[in-house]
Amino acid sequence: MDTPLRILADANIPAATDASGALGRVRLLPGREITRAEAEGADVLLVRSVTPVDAALLEGTPVRFVGSATAGTDHVDRPALGHLGVGFAWAPGSNATSVVEHVLAALLAVAADRGEALAGKTLGVVGTGAVGGRLAPRAEALGMSIVASDPPRAAAAEARGEAHPYVPLDAVLAQTDVVTLHTPLTTAAESPWPTRGLFGADAFAAMRPGAWFVNAARGGVVDATALRREAARRPCVLDVWPGEPTPDPETVGLAALGSPHVAGYAADGKVRGTAMLAAALRRWLAAGGAEAAPWDESAALGPDPPPVAAPPAPGDVEDPVAQAAWLDALARQAFSVRAEDARFRAALDAAGGAAERAAAFADLRRTYPARREWAHYAVEGEVPAPLRRAVADGLGMRIAG
């Protein structure tokens, strides 16, 4: 490169300076402060989901490449970038394992707190992409049955003349004990299968009475009014919210578990996203004739966390209720979704009006505690034989010995 790049990056992108510093000067800003005025001094933007990227931000600026360290791109006007000749990359699947484990931890917590089994329940997975596709086999390893709806994948299989396992959404809602959403946020202009407002009063009415509801996709997939009503009727696990970053306080109060859009915030996934952007930026530079050495992200994560201890074996290891409680006691040593819920509620309760709640929501994300994916944990102690598959294939932890 003849001239070092001017790189403007969201300060919440981990190791952004380490990953791209060899390419130029990296300047860090909170994502909501990345404005057109700031873009006028940058050649490259590296953002997260809180920064809307469109022609109004970029037209007439020197920005020639945008990278989003996110699995979704609903905050990016990709046609506008193409029209402006701006290169683009994102990080699909980078945080999928993190989201899966957040959902599994929440399901085990709800089951344990309600004195219910998880094994034997039927899980309805709406959207089987990077997250839903990984969640299904791990939930099966915990003893759940899976029913999935994914119209785009169903249509693609049918166009190829292939059989597929997908069923319509109404069929999922009618036969499942837990429904979990893992769709992108799309409109009718963007997709034949729009998801904005997909879950409203009619969808909730089609669910079984008392069935659990999980949303770790996008808040806009669910109607706010319907969600508030349903949170009083059924266990709702909500990581994303209509109206982010100012979720409705009443809905938060009614939710079984809540969190500030951090399901994908395990350190491994965040660093993986940084690495994907670093590699994409280097490919973009190479296409223009500028070579740069790759970045080794291994140092950004450090060593594996300490082992977790197998809880004492339940009195009846074949009892599904006891199994759920045992697995919850193990999983919460690596990640406590209850502690996350408590931090979330305390921060919003302490906030005043909408502006303060939005600031608290953003601060919770900015100061999110370190969390590692479960594959980095070894389990020490005796894992009862009926639970070994659930630990190894469901939680994904290593069984020592």
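This briefing walks through the nonpolar cores, one annotated span and the salt bridges of the structure above. The model is predicted, so local features need pLDDT of at least 70 and side-chain atom pairs count only at pLDDT 80 or more, while totals for chains, interfaces and linings use all residues. Residues are numbered from 1 along each chain as its sequence is written, and side-chain values use heavy atoms, with hydrogens and water left out.

**Nonpolar cores**

- The largest nonpolar core has 49 residues, and L327, W374, L395 and M397 touch the most other members. Such a core is a set of buried Ala, Val, Leu, Ile, Met, Phe, Trp, Tyr and Cys residues joined through side-chain atoms within 4.5 Å.
- At least two residues of this core come from each of α5 (96–114), β6 (122–126), α6 (130–141), β9 (212–215), α13 (320–334) and α16 (388–395). Helices (H or I, at least four residues) and strands (E, at least two) are DSSP runs, numbered from the N terminus.
- Helix α5 gives the most to this core, with 12 residues.
- Another core, of 31 residues, lies apart from it, and its members include L181, L185, A203 and A217.
- Beyond its neighbours within four places in sequence, M397 is in contact (heavy atoms within 4.5 Å) with V308, L330, A331, A334, W374, Y377, V379, V391 and A392.

**An annotated span**

- In an unreviewed UniProt entry, residues 325–382 carry the annotation "domain: Erythronate-4-phosphate dehydrogenase dimerisation". UniProt positions are given in the numbering used here, feature names are shortened, and annotations may be inferred rather than shown by experiment.
- Residues 325–382 are 64% helix and 5% strand, and their end C-alpha atoms lie 16 Å apart.

**Salt bridges**

- There are 23 salt bridges in the structure, each a side-chain nitrogen of Lys or Arg within 4 Å of a carboxyl oxygen of Asp or Glu.
- D150 pairs with R153, with the closest N and O atoms 3.0 Å apart. D150 is buried at 4% relative accessible area, whereas R153 is partly exposed at 39%. Here buried means under 20% relative accessible area, exposed over 50%, and partly exposed in between (1.4 Å probe, protein chains only).
- D328 and R332 meet in a salt bridge at 3.5 Å, N to O. Because they sit 4 residues apart in helix α13, D328 and R332 are separated by about one helical turn. D328 is buried at 5% relative accessibility, while R332 is partly exposed at 39%.
- Salt bridges with shared partners join D113, D328, R332 and R338 into one network.
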